[in-house]
Amino acid sequence: MRIKYILLIVLIAITLPVVKSYAQDASSGLSMSNLGQVKVSQLSDEQIQQAWKKLQDSGIPEDQAYKLLQQRGLPETEVQAFKDRVTLLGLNTSKSKATYSKGEKKEIDYSRDTTNTVTKPTPQPANPEPKQLNVFGADFFNQSSISFQPSFNVATPKSYVLGPGDELIVLVTGQNESSVRTKVTPEGNLQIPYAGIVYVNGFTIEQATNLIRAKMVKIYPGLRSGQTQLTINLGNTRSIRITVVGEAKTPGTYTLSSLATLYNVLYNAGGPNANGSLRYIELIRNNKLYKTVDFYDFLQSGVLSGNVRLEDQDVIRIPVYRKRVAIQGEVKRPAIYELKDNEQLDDLIKYAGGFTDVAYKGIAKIEQVNDLERDVKDVPVSLFSNFVPHNGDIVTIGAITNRFANRVVLEGAVYRPGPYELTPGLTLSALLKLAQGLKPEAYTAKAFIKRTLPDLQRQFISFNPLDIVNGHNDIPLMREDSVVIQEQSIFISNQSVTVNGHVRKPSTFVYRKGMKLTDAIAMAGGFDDQAAEHHVEVSRIIKNMQDSVANKVVNTYTVDLSKGSSEDIELEPMDYVYVQRLVNYRSLGNVNVQGEVLFPGDYAVQRRDETALEFLKRAGGLTPYGSLENAQVFRKGVRINLDLTKEINNQQEKEDRVLLAGDSIFIPRSITFVEVTGAVNNPQLISYNGHRFKYYINGAGGATAHARLKGAYIKYPNGLNKPVRHFLFFRNYPSVKPGSKIIVPEKDPEVKFKLDVGSIAGIASALTAVISLIAILKK
């Protein structure tokens, strides 16, 4: 309950300032006591601004303010009208302009309020056009880049009809100077200081100027003599309501500036829908048809004769189209056009932009729909101006045929190839003279003519170009003959020579006669540093003309170019040249030596049989703390079991100590302790004194209760591991060396040792066999 009381107190605290402000300002016209009798259309712009300012000062958001007005008795239609007036004046987007008092020095603002926010009803989905062609003019209303809004920067129209809400600027210049901005009251009057009230409702600007002049001439006598001039300009305009009905994309009522024209409203309404007419748009004023507008005048010619200025309560009606005809084919603007009853086929072609360059203008094919099926009509050009298309007709303009009546084509190795005019009696020799003759690279043994006979049979005529040039065996030409003179290059295969191996730029080169081996090497950039110049191999394909399969198909030659070009040979097409690498001119790689040596690092392999001890010697030998017997050798990360302290007795042992590139040697430090770790009571390092395995286990406090002693093992300093060995109940422990590490693992708690009857019987049998064997051996 306390929360309800708190909310009620907050609501009263919010609404009281608003109620108080409306009660104190009777001029606002929106006092909270008479909201039921308020007519927003009768309020002036100043009253709307004052009411809006009070709402803003109270801190109530816009949407809540409208709800509060409706709760206080203002009808819903009047609330909507108030919202429209606020939007039209731009009060909800920018601060309203300050008014001036009568005694202040005024700066006249000659600009007009350009805010023209249109309240659009929700657009209704249009029926999709079933035809592939678009309706002409429909896309004009779908372009977001076009802003078809009334211009507020034009001079004051003399024919503009004044009404309540319009603002006039009365400017007196000359002998007397004065300026006044005043608005037409809801009663249609203007109040001019010292001149009184002038009734201007329904008068044009020009007529109102005369009425105001008659009133002000008594105050400014200079107006009669011409020493003082009077100018009446239109300031901010009133808002009017226009209704759009019929086949519009978004029918409804629109609130906009009184300067708006029919085209402004038509564009804001989205234009006609799929069934709407562009040719018979009706403007209804005072319940009578005022004007019928043909929008094609604007779309086709740019004429704005139908763009009449609107008045309050005008109705724009878009009727259903009467006749639409589609035109396609070779016209510049294929589309669906709306025709009037008296328009002919030539009018339709004119709307479509006329014929294209390749259009056949003799006949137009027209598909018509009769009562049962379709008809096709061929309309000759002589009837274009007399033929009246029907609704739903499809007009097709065809193209001329892609043939030439007097053309021959010359192509190939001539100086001026291309199409030529077929003159009477034109022969092949005359055609070649027109083309400035044959090129030097022309193939003169054979050429041909491709010809199509009148019965559409194709004919091939070959000739000798030299005979034709010399005036022998000339051939008369026919329409659409194609003469082809080939080039010699097409009869020469693209032969090549390839150079690979140890050259600077291995490549494949076009073979040219006379090319030698040294030329190809030079074209490949010459030998690189590793090239074996004395061992250049040339592989050549054997051109075997026999029909049987031969075993050998390539001959190989080895050429020594180290002595210059004395052994140079001439190459043939498809030769493959390979330059070998010098056998010994390369690095064998490195061996890494680390650990207790004087100079650890990477050492290049000098010989292919260089051993580990030789690398250690190059590294300065071992330090006093190095342990050679524990040396570790690795190859590709895997340890190699090498004992470097053992003497070499045969060749195999010497080869085993040879290191390869990438190998590494590690000399560990000599350690005199034995480390015991794992499942022992006191893991520690114990001094080596030559004792056996169990001694060091006991020295570490013995094994724990969870120790698995039979799984213990020793890790020697050289990297080898040796486990405890088992034989029945006997254990053989490995020997311990200085630096060794004894590791005792723990038992796996999941593994339990169990002996069943079968296991015990097996063990007993094994023991019996062992005892019997010992007894036999003793005998």
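In this predicted model, a patch is built from residues with over 30% relative accessible area and no salt bridge, and nonpolar side chains are joined within 5 Å.

Q: What makes the nonpolar surface patch of about 340 Å²?
A: The patch is made by V358, Y360, I363 and I400, and valine, tyrosine and isoleucine are among the side chains that the definition counts as nonpolar.

Q: Why is I363 called partly exposed?
A: I363 has a relative accessibility of 32%, and because buried means under 20% and exposed means over 50%, with partly exposed in between, this value falls in the middle class. As for its place in the chain, I363 belongs to strand β13, which covers residues 363-369.

Q: Why are β22 and β24 called edge strands?
A: In the open sheet of five strands, the order is β22-β21-β25-β23-β24, and the pairing is mixed. Strands β22 (507-510) and β24 (554-559) each pair on one side only, and they are therefore the edge strands. From one strand to the next, the twist averages 20°.

Q: How do you know that β21 and β25 pair?
A: Two strands pair if at least two bridges are found between them; strand β21 (residues 496-501) and strand β25 (residues 576-581) have four bridges, so they meet this condition, and they run in the parallel sense. Within this pair, G501 stands opposite V579 in β25.

Q: What share of the protein's 779 residues is buried?
A: Buried residues make up 37% of them, where buried means under 20% relative accessible area.

Terms used: Residues are numbered from 1 along each chain as its sequence is written. This is a predicted model: local features need pLDDT of at least 70, side-chain atom pairs count only at pLDDT 80 or more; totals for chains, interfaces and linings use all residues. Side-chain values use heavy atoms; hydrogens and water are left out. Patches are made of residues with over 30% relative accessible area and no salt bridge: like charges are joined within 9 Å, nonpolar side chains (Val, Leu, Ile, Met, Phe, Trp, Tyr) within 5 Å. Accessible areas come from the Shrake-Rupley method with a 1.4 Å probe; for residues, only the protein chains shown count as cover. A salt bridge is a side-chain nitrogen of Lys or Arg within 4 Å of a carboxyl oxygen of Asp or Glu. Helices (H or I, at least four residues) and strands (E, at least two) are DSSP runs, numbered from the N terminus. Buried means under 20% relative accessible area, exposed over 50%, partly exposed in between (1.4 Å probe, protein chains only). Axes are lines fitted to C-alpha atoms, for helices over the stretch in contact, and angles run from 0 to 180 degrees between N-to-C directions.
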